[in-house]
Amino acid sequence: MSTFDINTITRENVKTLKPYSSARDEFEDFDTAQMIFLDANENPFQNGVNRYPDPQQNAVKAILAKNNMVKSSQILLGNGSDEVLDLLFRAFCEPKVDNIISLPPTYGMYGVLANINAVENREVLLSTDFQPQVEKILDAVNENTKIIFLCSPNNPTGNSFSDESVVELLQNFKGLVVIDEAYIDFSEKESWLTEIDTYPNLVITQTLSKAYGLAGIRLGVCYASEAVISVLNKIKPPYNVNELTQQRAIERLKDSDKIKQEIASIVEQREELLKVLLEVSFVEKIYPTEANFVLVKVDDATKRYDELIAKGIVIRNRTTQPLCENCLRFTIGIPEENATLIKELKLLK
Ligand SMILES: *Cc1c(COP(=O)(O)O)cnc(C)c1O
């Protein structure tokens, strides 16, 4: 078991950084409703958004903390999880020195962000059944490896990673293990959130972009130990989550029945599509899925992709991804869209 030390993995300049103190940071403990704010050069005439937003998004975090049984101090919010992931690079990975490990085929942003931040991306392929190859991953680790990115359920494959492999990595790697749970709400498996007090090197990212139906507002969530969150807080842009986003997120999070209904409908439609795909002549393999999409191996992915485009249906061709030759990814739509897709699939020869 290796020991995790936040100080050895944090970049030197971040450790010594004095964060920007915004006008809105300084009066958290006052009864602000009674005060006159002449400190931030805002336009004083009220229109709902004339003031800077809460830099700590306390109202949003309070709901997430309650729903997930964590402390607000274990949460960081970002402009989509893409910003959260970028902050992890900027806090912990020294450009041109450190490296991260990602496990293709997976979400492309880990590699893109590594490139943007001049951090080496060590790629260790998933096994043919799309599970992490733990020994090979640990072999790829050196003293400059700061983060291992696990995406579970994984995009584009749809499966989640075995508990044993995740635990092995958490126990044997002394950097951060980030589990991207963008699709966790479509899975019957539990989130790794319950383990953040057990593993100080565990970071979980989630998003309101998928199951929560708010891709347009850009809100990503990071859960981790207070030590990790406080480092990220030091470097985040002060007003990274805007007022409209905070308001819409609060509204939506309160409507948990509606969210549950929509997820149930998507899962039902997914099972429907899976049944039909079994009967489609050019389908060669349907990969197990715990997400709101399904990866399917076909005879000729580019041909089938083009045929569906001609019918006005846009799916994702993943054939160029490692281990995904001739694979298509279908996102689950509303019942009417799914019915149209099914009708067209049955017509293709
Ligand atoms: C869609 C997706 C996200 C979402 O990113 P946002 O920036 O929050 O919209 C994150 N991770 C994975 C694996 C995804 O597929």
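**Notes on the predicted chain**

1. Starting with the surface: the chain exposes about 17,000 Å², and carbon and sulfur atoms supply 50% of that area (Shrake-Rupley method, 1.4 Å probe). Please keep in mind that this is a predicted model, in which local features need pLDDT of at least 70, side-chain atom pairs count only at pLDDT 80 or more, and totals for chains, interfaces and linings use all residues. Residues are numbered from 1 along each chain as its sequence is written, and side-chain values use heavy atoms, with hydrogens and water left out.

2. On the fold, the chain holds 12 helices and 11 strands (DSSP runs: H or I of at least four residues for helices, E of at least two for strands). Its C-alpha trace spans about 70 × 50 × 30 Å along the principal axes.

3. As for burial, 51% of the 349 residues count as buried (under 20% relative accessible area; exposed is over 50%, partly exposed in between, with a 1.4 Å probe and protein chains only).

4. Now the rings: there are six aromatic pairs (Phe, Tyr or Trp ring centres, Trp by its six-membered ring, within 6.5 Å; planes under 30 degrees apart are stacked, over 60 edge-to-face, the rest tilted). Tyr52 and Tyr239 are stacked, at 4.5 Å centre to centre with 25° between the planes. This pair links distant parts of the chain, 187 residues apart. Tyr52 is partly exposed at 40% relative accessibility, and Tyr239 is partly exposed at 25%.

5. Do look at the cluster that ring pairs build from Phe89, Tyr107, Tyr110 and Phe149. Within it, Tyr110 is buried at 0% relative accessible area, whereas Tyr107 is partly exposed at 24%.
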